[in-house]
Amino acid sequence: MSPVSARRRRRLDRGFGLLIRIASLLVLLSVLGVFAQMAMVARPLFVDRGLEAAAAPSSPVPRSYVTDQPEWVPKHLKTAAFDTTARHRIWIGLNRRGELEGARGEISNPSNDLWQYQPLVLPKISFTEPGLHLLIDPSWRWLAIITQAGSYQLLPLEAQQAPSVARSLPVAGGDTQYPVLQRGLAEHSGLTVMPGGRSFLTWDTFHIRQWHWLPAARGEAPDIVLLRQLMIDSAIQQVAPAPAGQRVAIITEAPMLMVWHTTTHRLIDARRLEGIPRDVDWRSENRLSVEFAGRRSDWQLGESDGAVSLASLLAPIHYEGYSAPSYRWLPVAAADAEPKFGLVPLLWGTVKAALVALLFAIPVGVGAAIFVGFFMSPRLRDTAKPALELLAAFPSVVLGALTALLVAPHFIAWLPGILGAAIAIPMGVLILAVSWRSTVATTARRQVVGWLPILLMPVVVLLAWIGFMLGESLSAGLPGGSLVSWLEAQHGVSVVHRNALLIGLAMGVATVPLVFSIAEDAIHSVPAVLAAGSLALGATHWQSYRDVVLPVAAPGIIAACMIGFGRAVGETMIVLLVASNTPLMDVNLLEGLRSVSATLALELSEAPFESVHYRVLFAAGLALFLLTFILNSLAEIVRLKSRRHQEERR
Amino acid sequence: MTERALLCLRCGVMLLLLAGSSSNGATLQGKLVIVGSDTLAELMTLWAAGFSAQQPGVSVELQAGGSAAAPPALIRGTANVGSMSRRMTAAEKARFSAERGFPPLEIPLALDTIAIIVNRDNPLPFITMPMVARMFGDGACGVRDPIRFWGDAGAKGALSNTRIEAFGRTAASGTYEFFRSRALCGGDPLPSVGELPGSAAVIDTVAAIPGAIGYAGIGFVDQARVRVPPLRLASGRSIAFDAMPDEESYPLQRTLYLYLPLAADRELPALECQFLRYIRSSEGTRLLERAGFLPINGANNRTPPACRP
């Protein structure tokens with residue numbers, strides 16, 4: 001080789017090496033860029049903007065749907081309940097004699113703005129106590145009359161007579177489950193209803209308490225129960241809930257302005273005010289206005305301030321109208337409803353589906369890899385390996401659609417048969433393998449082993465058929481007539497058609513090719529000298545594969561499982577099409593599930609840009625991204641380490 | 001003639017043609033982006049095809065992801081028409097007003113009826129609104145005692161020990177929101193109620209699963225595949241499927257709306273004006289009835305008498 005061409009070759013090598021290094025750096029940077037972008041979108045959820053002084057708006061901002069009265073409504077009746085469009089309302093009040101009066105009004109015709117109203121039939125009871133509050137329950141059937149002392153009466157709204165159900169809120173002392181409302185409220189005490197009508201706030205000097213309605217059994221009156229309370233160190237002067245609910249502005253004596261988010265139970269921000277505040281008012285969902293003696297000052301909050309916290313995403317939260325804290329994913333679109341961003345049901349569903357998929361994919365994939373690597377005849381391997389890897393190209397959308405259309409409607413009917421076949425096939429093959437060793441000669445065995453998959457196919461089909469029939473007859477013999485009714489009736493296990501087992505099976509079929517190719521790669525890359533050396537020393541084929549090759553390939557096989565898990569966790573279309581997207585959290589494999597990826601697919605395009613829902617979806621996607629990134633990186637590290645280990649051995 | 005002269009002649013002719021077309025009102029140019037409801041998607045497609053056939057210079061783009069997508073799109077300006085299968089809430093209108101300074105133009109389009117559907121082989125004799133609240137929710141409308149099995153709902157026979165599998169729409173859907181406010185009295189559905197991306201998917205799922213129950217607009221209902229049990233009111237009267245659109249007391253009737261990000265008192269721009277005239281024309285009304293809805297008339301439906309060119 002001439003020195004010129006050698007120099008040129010060295011230069012080319014260095015150039016290409018640099019190019020490859022730059023390219024891999026760019027790949028790394030783009031991955032980090034995606035991560036950074038998602039983190040920036042999700043950041044405002046956890047980093048509050050807080051209260052910022054804002055300039056007064058140039059044009060008068062319309063007040064957010066604080067309901068104003070039609071002129072024909074008598075002045076002593078106040079709006080007690082209204083729906084989200086504010087065209088269906090109930091007015092309640094006490095007339096001059098202290099008797100209850102009310103009316104129900106609705107604009108039902110979409111083509112005009114005419115009210116249709118009718119007076120409510122209320123019992124003729126007169127109330128003489130001052131400072132009574134009249135509240136309507138969320139189902140618009142009961143009226144609560146709450147006194148300042150803390151007792152309340154519940155009256156049905158449409159009754160002719162008045163069977164009054166007098167109940168007192170828990171009083172001081174006693175071992176009630178909830179903290180108590182003081183018997184006599186302090187001077188600056190008050191009550192205000194939270195938008196949506198499902199809860200209301202009461203406050204005295206240093207406490208604000210949120211109370212909510214809990215429905216009772218049919219026909220009975222609902223309960224009012226304490227939901228949460230907040231203690232403040234300076235005297236409370238005024239409390240104003242935001243128009244969309246959940247946020248509450250508090251003016252204290254200090255004088256301070258505080259904003260409290262009820263659902264996540266966090267104080268978003270607190271600011272000292274200059275001057276003596278007279279009134280606090282919400283101009284819009286994110287804008288506050290405080291009125292002083294001769295001026296107003298405006299404050300702006302970030303849209304996602306306080307709406308979500310790590311605790312609210314990952315821990316059970318006590319929502320309005322629920323009897324206990326729970327994990328719920330219900331990011332409702334309409335106003336007034338409390339959005340519920342519990343990520344745990346989604347994460348649970350993702351991991352559950354992935355684990356069931358792996359339960360199917362690992363035995364099949366790794367088993368196939370071991371057989372293809374050790375025993376398969378080279379001719380058959382040349383057809384089988386590409387065929388299995390081609391399966392990876394099968395679009396998961398098609399797989400999901402076929403499963404949903406063809407398998408899902410019959411899955412419960414076929415379940416006993418499928419379980420029977422799943423048990424019969426491995427058992428039958430095992431029995432065959434054991435009896436095969438004792439009956440057929442070794443030389444004949446060795447010739448046939450390479451072609452076993454082809455020869456075993458009719459046997460497997462026969463075993464599947466036998467297993468299916470056995471499963472069906474066993475299930476018919478169970479009390480209840482079938483496996484499903486036995487599970488439902490005897491064990492209370494709920495069985496639905498689009499369940500985790502079906503989703504896991506479909507995902508397993510999609511994951512098998514990936515696990516197979518990585519595991520087969522790992523086995524193939526074991527140096528042939530190791531097996532050859534063990535064979536030369538007198539070990540049998542199986543012994544050398546089991547004790548020499550497999551341990552060396554083990555890290556690669558583990559990596560295959562981890563990468564398969566990462567793939568199963570990110571699988572979207574199969575879950576979207578096959579599942580009914582129910583965010584349930586249980587261990588029951590025959591119940592539905594909802595995964596993070598399917599939720600992103602369903603909801604990301606409809607979430608308003610840069611709203612809380614949008615950002616929470618990005619946060620969930622970020623969690624998923626991090627999970628698969630860490631898993632895949634670990635798998636690669638394991639593989640690289642094992643490869644270096646092998647090279648050192650050589 | 002020289003090449004340059006020919007080029008000038010061609011340019012001049014093109015300019016003249018362009019000038020002529022801009023002053024000629026018959027060739028309307030523009031793009032109409034309609035964002036919103038899946039329920040209205042079929043109707044919007046029919047109208048889009050008819051309108052662009054009538055006005056060749058107009059292209060129509062349709063995105064049907066759910067009614068909740070319409071108000072944000074109108075506020076941001078990415079849509080010039082919003083279709084919703086529920087009325088815009090007072091909060092959404094207030095958000096629009098805060099951004100633009102005026103409330104959106106609300107046009108009631110048609111009446112739609114939502115039917116409760118069950119599998120074709122389900123022998124359920126009738127259904128009531130409290131039963132629906134107990135099947136789809138827990139504690140909704142002030143009633144507890146959820147119904148879990150078909151036998152408890154009154155469906156005797158082969159299904160009596162089968163679990164009730166309820167299916168609905170995703171949370172962005174106007175149909176979902178309407179069902180939540182009417183049938184569940186604003187409460188939350190159970191977490192076990194399936195969320196499907198479109199009304200057609202609800203029909204497919206209920207037709208495939210024997211123990212399924214769901215809700216969809218009657219325009220999607222195919223009586224060969226699913227069954228609509230008669231609804232029994234509190235007064236004892238039953239409303240059968242054929243009478244549902246016409247009965248005033250049927251509780252699941254709703255109005256479908258179109259929203260435009262324009263002030264009500266100002267004159268409409270040419271594109272929107274011609275579109276509104278088209279949908280109120282006889283052809284537009286025919287397509288509306290073909291999609292399974294009932295037309296409505298009234299003071300709030302503005303038919304622009306003539307549009308400025």
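Modeller: The model is a predicted one, and every value given here is computed from it. Chain B contains 10 helices and 12 strands. Of its 309 residues, 54% are buried. When contacts between residues at least 6 apart in the sequence of chain B are considered, 73% of them join residues at least 24 apart.

Within this chain, one pair of helices may be examined in detail. Two packed helices are described by the angle between their axes and the distance between the axes. Helix H9 of chain B, residues 270-280, packs against helix H10 of chain B, residues 282-290, at an angle of about 60 degrees, and their axes lie 4 Å apart. On the side of H9(B), the contact is formed by B:Tyr278, B:Ile279 and B:Arg280. H10(B) contributes B:Ser282, B:Glu283, B:Gly284, B:Thr285 and B:Leu287. Sorted by class, the residues in this contact of H9(B) with H10(B) are three nonpolar, three polar and two charged.

From there the description turns to the neighbouring chain. The size of an interface is often given as the accessible area lost when the parts come together. Chain B and chain A bury about 4,200 Å² between them, with 57% of this area on carbon and sulfur atoms. Of the area that chain B buries against chain A, 14% is supplied by B:Arg144, B:Pro191 and B:Glu195, more than by any other three residues. In terms of residues, 54 of chain B are in contact with 49 of chain A.

The partner, chain A, has an open sheet of four strands in the order E14-E15-E16-E17, with antiparallel pairing. Strands E14 (236-241) and E17 (266-272) of chain A stand at the edges; each has a single partner strand, so one side of each lacks a neighbour in the sheet. From one strand to the next, the twist averages 20 degrees. Inside this order, strand E15 of chain A (residues 247-252) pairs with strand E16 of chain A (residues 256-261) in the antiparallel sense over five bridges. In this pairing A:Arg247 stands opposite A:His261 in E16(A).

A further antiparallel pair in chain A is made by strand E18 (residues 279-284) and strand E19 (residues 287-291), again over five bridges. A hairpin of two residues joins E18(A) to E19(A), and A:Trp282 stands opposite A:Leu288 in E19(A).

Note on methods:
Residues are numbered from 1 along each chain as its sequence is written. Chains are lettered from A and ligands numbered from 1 in the order in which they are written. This is a predicted model: local features need pLDDT of at least 70, side-chain atom pairs count only at pLDDT 80 or more; totals for chains, interfaces and linings use all residues. Side-chain values use heavy atoms; hydrogens and water are left out. Buried means under 20% relative accessible area, exposed over 50%, partly exposed in between (1.4 Å probe, protein chains only). Contact means heavy atoms within 4.5 Å. Two strands pair if DSSP finds at least two bridges between them. Axes are lines fitted to C-alpha atoms, for helices over the stretch in contact, and angles run from 0 to 180 degrees between N-to-C directions. Ala, Val, Leu, Ile, Met, Phe, Trp, Tyr, Cys and Pro count as nonpolar, Asp, Glu, Lys and Arg as charged, and the others, Gly among them, as polar. Buried area is the accessible area (1.4 Å probe) that two parts lose on being put together, summed over both.
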